[in-house]
Amino acid sequence: LTIFMDYNKLLQELKQKHFPELKNREIILKNRDQKNFMTAYPLNNYIYYNESIMKKCNPKARDAALIHELYHKLQFGRMSFLKRALIRIFYKFSPKLRIKIEREAHTETVKRGFGKGTILLNAYVKQRVSPEVWKNEFSKLHLSDKEIRRLMAKDF
């Protein structure tokens with residue numbers, strides 16, 4: 001027995017509940033064969049995901065990832081078209097900018113009540129990449145479990 005999961009419906013529910021700022025913005029989850037778990041680009045209304053990776057993910061980590069990507073849509077929506085176009089280019093070539101954008105999205109994910117899911121998401125990402133890639137790249141983009149727990153202790 002396979003249980004069909006409507007990820008788009010889940011995305012819309014999370015958007016409605018946690019992102020009132022996005023209520024007039026259409027955001028669609030789109031499955032595609034990609035190496036990354038989830039990706040949101042600044043110039044369209046899609047959040048792309050890899051379904052086979054999604055199916056193996058803990059539901060709390062999955063929801064934290066969706067909240068994280070929804071926050072990116074909010075981030076990008078606050079920018080002018082020109083800035084969004086430039087961000088798309090500079091994100092790829094500026095590690096400093098990439099770290100700033102990703103850590104802000106992780107912080108907001110925790111602030112919106114998805115701290116435990118963010119810890120689980122870190123663990124999931126960590127198991128999917130080599131220790132070197134985690135240490136040299138991904139650990140800089142993600143909050144540490146200690147940083148997440150510190151944020152969770154704050155009252156927002």
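In this predicted model, helix α3 passes α5 in a right-handed crossing, meaning that the near helix is turned clockwise from the far one by less than a right angle. Their axes, lines fitted to C-alpha atoms over the stretch in contact, lie 9 Å apart at an angle of about 120°. That makes α3 oblique to α5, a class left over once angles under 35 degrees (roughly parallel), over 145 (roughly antiparallel) and 65 to 115 (roughly perpendicular) are set aside.

The largest pocket has a volume of about 1,000 Å³. Of the 32 residues that line this pocket, Asn36, Met38, Thr39, Tyr91 and Phe138 are the closest to its centre, and α3 gives the most to the lining, with five residues. The lining divides by class as follows.

The chain has a mean pLDDT (the predictor's confidence in each residue, from 0 to 100) of 93, and 97% of its residues reach 70 or more. Confidence is lowest in helix α2 (residues 51-56), at a mean of 90, and highest in α3, at 97.

Residues are numbered from 1 along each chain as its sequence is written, and side-chain values use heavy atoms, without hydrogens and water. Because the model is predicted, local features need pLDDT of at least 70 and side-chain atom pairs count only at 80 or more, whereas totals for chains, interfaces and linings use all residues.

Methods
1 Å grid on protein atoms, 1.4 Å probe; cavity = no way out; pocket = protein on both sides within 12 Å on 5 of 7 lines; lining within 4 Å. Points joined across faces, edges and corners; volume = space filled by probe spheres on them. Helix = DSSP H or I, 4+ residues; strand = E, 2+ residues; numbered from the N terminus. Axes fitted to C-alpha atoms, helices over the stretch in contact; angles between N-to-C directions.
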